[in-house]
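Reader: I am new to this structure, and I would like to learn how its strands and turns can be read. Could you take me through them step by step?

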Amino acid sequence: MSKFLINSAGTLGFFTSNTERIKIVDGGNVGIGATTPGDKLTVQGNISGSSDLCLVDNGKIRLGDSSDLEIYHDGSESYIEDKGTGRLFG
């Protein structure tokens, strides 16, 4: 059975099998499998899709705990930057 819960802090949680699956916190951040979403969308687990991932110019794909690898396009040129301590292999 599915249910939802709104608490006094303005947090909305969606549950299935008595486990919270989605949380919307005050301020609008959404967590899927994440109880304390720190961004507009925080997903704990794998993400899959059947189409493109589209970002606006200067939107970055950041990888690693410290954003060690960045992939982005600034409107005229494209970049892959290694900002970590390791090496970039191609």
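This is a predicted model: local features need pLDDT of at least 70, side-chain atom pairs count only at pLDDT 80 or more; totals for chains, interfaces and linings use all residues.

Reader: How many bridges hold β1 and β2 in their antiparallel pairing?

Author: The general idea is that strands of a sheet pair through backbone hydrogen bonds, either parallel or antiparallel. In this case β1 and β2 (residues 12-16) are antiparallel over 5 bridges, with I6 standing opposite L12 in β2.

Reader: How many residues of β1 are buried?

Author: The count is 0 among the 5 residues of β1 (residues 2-6), a strand that is hardly covered.

Reader: Where does β3 lead next?

Author: β3 and β4 (residues 30-32) form a hairpin with 5 residues between them, where G27 has a positive phi of about 105°. Their antiparallel pairing runs over 3 bridges, and K23 stands opposite G31 in β4.

Reader: What is the strand order in the open sheet of 3 strands?

Author: The order is β6-β7-β8, with antiparallel pairing. The edge strands, β6 (60-63) and β8 (78-82), each pair on one side only, and the twist averages 10° from one strand to the next. β7 (residues 69-73) and β8 pair over 5 bridges, and the bridge partner of H73 in β8 is S78.

Methods:
Residues are numbered from 1 along each chain as its sequence is written. Side-chain values use heavy atoms; hydrogens and water are left out. Buried means under 20% relative accessible area, exposed over 50%, partly exposed in between (1.4 Å probe, protein chains only). Helices (H or I, at least four residues) and strands (E, at least two) are DSSP runs, numbered from the N terminus. Two strands pair if DSSP finds at least two bridges between them. Axes are lines fitted to C-alpha atoms, for helices over the stretch in contact, and angles run from 0 to 180 degrees between N-to-C directions.
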